[in-house]
Amino acid sequence: MKLETKFDTDYRPSDAEPFMNDRQQDYFRQKLMDWKASILEESSGTIKDMQEGTRNIPDVADRASEETDRALELRTRDRQRKVVSKIDAALRRIDDGSYGYCEATGEPISLKRLDARPIATLSLEAQERHERKERVHRDD
């Protein structure tokens, strides 16, 4: 079920307009809601398939293969569940006016980065610093 959009579907945010104006907010809100709807639709399909697909497989190798496939599918769904919570957090940031601004620096996150990763909370530079710091501490 797609929600009615308030903007032209050909619209792409531009650096030539004020950052996070109403049109950009609507664009990212719709993008996030569409992404969430897609994930939830896939998840419900997975649950249905798993419920219907339960069967007794006599061959041990085939059973092991099916269990491995199920475990992989469940890990994927768990990752998507976490993405849904990040999407919800991004939607809340749009509502409170903090969406699109780096949590570390307060500077605007580039529109290209937000378009590619609409749940981003850090600018590219801050994300790189964060990842470098993580690597250093992980090696300890």
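This short talk walks through one predicted model, from the overall fold to two individual residues.

Before the details, residues are numbered from 1 along each chain as its sequence is written, and side-chain values use heavy atoms, with hydrogens and water left out. Since the model is predicted, local features need pLDDT of at least 70 and side-chain atom pairs count only at pLDDT 80 or more, while totals for chains, interfaces and linings use all residues.

The chain has four helices and zero strands, where helices (H or I, at least four residues) and strands (E, at least two) are DSSP runs numbered from the N terminus, and the pattern along the sequence reads α-α-α-α. Of the 140 residues, 29% are buried, with buried meaning under 20% relative accessible area, exposed over 50%, and partly exposed in between, using a 1.4 Å probe and protein chains only. Among contacts (heavy atoms within 4.5 Å) between residues at least 6 apart in sequence, 55% join residues at least 24 apart.

Let me turn to Ile-39, which lies in helix H1, residues 22–52. Ile-39 counts as buried because its relative accessibility is 4%. Leaving aside residues up to four places away in sequence, Ile-39 touches Gln-80, Val-83, Val-84 and Ile-87, and its C-alpha atom is separated by 8.3 Å from that of Arg-81, 42 residues apart along the chain.

My other residue is Arg-135, found in helix H4, residues 124–138. With 41% relative accessibility, Arg-135 counts as partly exposed.
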